[in-house]
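Subject: Handover of a structure and findings

Dear colleague,

Please find below the structure that I am handing over to you. My findings follow it, arranged by topic.

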Amino acid sequence: MEDVKKLEAFQAKIDAEIKIEPKDWMPEDYRKHLQRQISQHAHSEIIGMQPEGNWLLRAPSLRAKVVLLAKIQDEAGHGLYLYSAAETLGKSRTEYLEELRTAKAKYSSIFNYPTLTWADMGAVGWLVDGAAIVNQVSLQRTSYGPYARGMVKICKEESFHQRQGYEIIADMARGSEAQKEMAQDALNRFWWPSIMMFGPHDSDSPNTGNAVKWKIKRATNDELRQSFIDKTVHQAEIIGLTIPDPDLKWNEAKGHYDFGKMDWDEFWRVVKGGGPCSKQRLKHYNDAHENGKWVREAAKAYSDKQLTKEKVA
Amino acid sequence: MSEITDSQGPIWEVFIQSKPGLAHKHVGNLHATDEEMALQNARDLYTRRQEGTCIWVVPFEAITSSTPEDDESFFEPNNDKAYRTPTHYVMPEGAKHI
C-alpha cells in the first residue's frame with residue numbers, strides 16, 4: 001500500500017517534469033534500469049577510446065594528433081562523468097568496473113569494429129559520434145537529475161568530436177583517387193553499424209515501455225535513428241560520398257528518408273561478443289587495469305603515509 | 001559484490017568558480033586517494049576548457065545533507081512568511097523608486 005502511494009507520487013513528479021534526485025524514493029526497476037543504462041554508457045566511452053587510440057601514433061600531422069588526443073581525453077572524462085552519475089544509484093564504481101572486466105556488462109557494439117585506415121577516424125567522428133550526439137541530446141532531458149546534468153556537460157564538449165571527424169573524411173573525399181576510395185570504404189563499413197547503434201526497432205525493444213513512461217528515454221530508438229539518417233544524408237552528398245544503401249530515398253509524404261533493412265543477425269552476434277574486435281577490446285582493457293595496479297597501490301600507500309604523518313604532527 | 005576491494009579511492013565533490021566575483025558551483029565528483037590528487041584530477045576532469053579560475057575539492061564524507069523525507073517539515077516554517085518578500089507591502093499610489 002505504502003509503495004503504491006510512493007509510486008503514484010513518483011509518477012506524478014515525472015509527469016510534471018520534476019527531476020528525480022539520488023535521495024528521492026524510486027521504484028527498484030527505475031534504479032536498476034538506470035544503473036544498467038548509465039554504466040553501459042560509461043563503459044562505451046571508456047572502451048570507445050581504443051579504436052581511436054589505434055591511430056594516435058600514426059596520425060598524419062601534428063594537428064591531427066593533438067586533436068585526436070584531446071578527443072580521446074574527452075572520452076575518458078565522459079566515462080568518468082557517467083560513472084559518477086551511476087554511483088549515485090547506490091553502487092560503487094569498483095562494482096561497475098568489475099562488471100565491465102568480467103563481461104557481465106555491455107558497451108556499445110560499434111566499438112567492436114576495427115579501425116583499419118585513417119579515413120576510419122573520420123567515419124568514427126562523423127558517424128559514431130554523430131549518432132551518439134543524437135542520442136545524448138535527447139537524454140539531456142532524461143528524468144534522473146545526475147544523468148541529465150552529465151549529458152548536458154557531455155553534449156557541450158562532444159560537438160567538436162563530430163566536426164573533427166567530418167573534417168577528416170571531407171578532406172579525404174576531395175583528395176587523391178586512393179584517398180577518396182578510402183573515405184568511401186570507411187563510410188561503407190561504418191554506416192550500418194552506426195545506424196544500428198540506436199538499438200533494435202521499437203517493436204523488438206524490450207526496455208522501451210517503462211523507460212518511456214518514466215522518461216528515462218525521451219525518444220524511441222526508431223525516432224532517434226530516423227533523425228540521425230535525415231541529418232546525415234545531405235552531409236554525405238556534399239562531400240561526394242555515397243551511403244551504401246540502395247533503398248535510401250526521400251519520402252516526400254513522410255518528410256523523412258526511407259532506408260533499407262538492417263542486418264539484425266549481425267547486430268545480435270556482435271552484442272553477444274562475436275564482433276571482430278570484441279575479445280581484443282576487453283583484453284586490452286583488462287591488461288591496462290592490471291598494468292595500472294602498481295599505480296593504485298602506490299597512491300594508496302602515499303595517502304596512508306600522509307594520514308600517519310598528520311596523526312603524529 | 002562486497003568481496004571486491006575498492007581500488008578507486010574515496011569520492012571528492014568538486015566546486016568551481018568560473019570567474020572572480022562568482023560563487024563556487026558544484027560540478028560533479030571524482031575519486032582520488034589524497035587531496036592533492038583530487039585537486040589535480042579535478043583540473044583534468046572539469047576544467048579542460050577554461051571552465052574556472054578556482055577549484056574546491058571536498059571529501060564526500062564531510063558533507064551533511066538534508067533529506068527528501070524531511071523536506072516538508074524542514075522547509076515548512078518559511079512557507080507562510082510572505083512578509084519576508086517586498087511584494088507583501090502596499091505602497092501609496094504614485095510612490096516611485098521604492
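How many nonpolar, polar and charged residues does the lining of the largest cavity have? It has 2 nonpolar, 1 polar and 5 charged residues. Please note that this is a predicted model, and that the values below are computed from it.

Cavities

The structure holds 2 cavities of 30 Å³ or more. The largest cavity contains about 40 Å³ of space. Its lining is formed by A:Ile14, A:Glu17, A:Ile18, A:Lys19, A:Arg141, A:Ser143, A:Lys215 and A:Arg218.

The second largest cavity contains about 30 Å³ of space. The residues that line this second cavity are A:Pro51, A:Ile110, A:Phe111, A:Tyr113, A:Val124, A:Val128 and A:Phe190. By class, this lining has 7 nonpolar residues, with no polar and no charged ones.

The second largest pocket

The volume of the second largest pocket is about 1,400 Å³. Its lining consists of 39 residues, and those nearest the centre of the pocket are A:Arg149, B:Glu13, B:His26, B:Val27 and B:Gly28. Helix 7 of chain A supplies the largest share, namely 7 residues. Divided by class, the lining of the second largest pocket has 15 nonpolar, 11 polar and 13 charged residues.

Helix 4 and helix 7 of chain A

On the side of helix 4 of chain A, the residues in contact include A:Arg63, A:Val67, A:Asp74, A:His78 and A:Leu82. On the side of helix 7 of chain A, they include A:Pro146, A:Met151, A:Ile154, A:Glu158 and A:His161. In this contact, 10 residues are nonpolar, 3 are polar and 8 are charged.

Helix 6 and helix 10 of chain A

Helix 6 (residues 118-139) and helix 10 (residues 221-238) of chain A have axes that come within 10 Å and cross at roughly 140 degrees. The two helices are therefore oblique to each other. The crossing of helix 6 and helix 10 of chain A is right-handed. From helix 6 of chain A, the residues A:Trp126, A:Leu127, A:Gly130, A:Ala131, A:Val134, A:Asn135 and A:Ser138 take part in the contact. Their partners in helix 10 of chain A are A:Leu224, A:Ser227, A:Phe228, A:Lys231, A:Thr232, A:Gln235 and A:Ala236. The contact comprises 7 nonpolar, 6 polar and 1 charged residues.

Helix 12 and helix 13 of chain A

The axes of helix 12 (residues 278-291) and helix 13 (residues 293-312) of chain A come within 4 Å, crossing at roughly 35 degrees. Here A:His289, A:Glu290 and A:Asn291 of helix 12 of chain A meet A:Lys293, A:Trp294 and A:Arg296 of helix 13 of chain A. By class, 1 residue of this contact is nonpolar, 2 are polar and 3 are charged.

Yours sincerely

Terms used: Residues numbered from 1 in each chain as written. Chains lettered and ligands numbered in written order. Predicted model: local features only at pLDDT ≥ 70, side-chain atom pairs only at ≥ 80, totals over all residues. Heavy atoms only, no water. 1 Å grid on protein atoms, 1.4 Å probe; cavity = no way out; pocket = protein on both sides within 12 Å on 5 of 7 lines; lining within 4 Å. Points joined across faces, edges and corners; volume = space filled by probe spheres on them. Nonpolar A, V, L, I, M, F, W, Y, C, P; charged D, E, K, R; others polar. Contact = heavy atoms within 4.5 Å. Axes fitted to C-alpha atoms, helices over the stretch in contact; angles between N-to-C directions. Parallel < 35°, antiparallel > 145°, perpendicular 65-115°, else oblique. Left-handed = near helix turned anticlockwise from the far one by under 90°.
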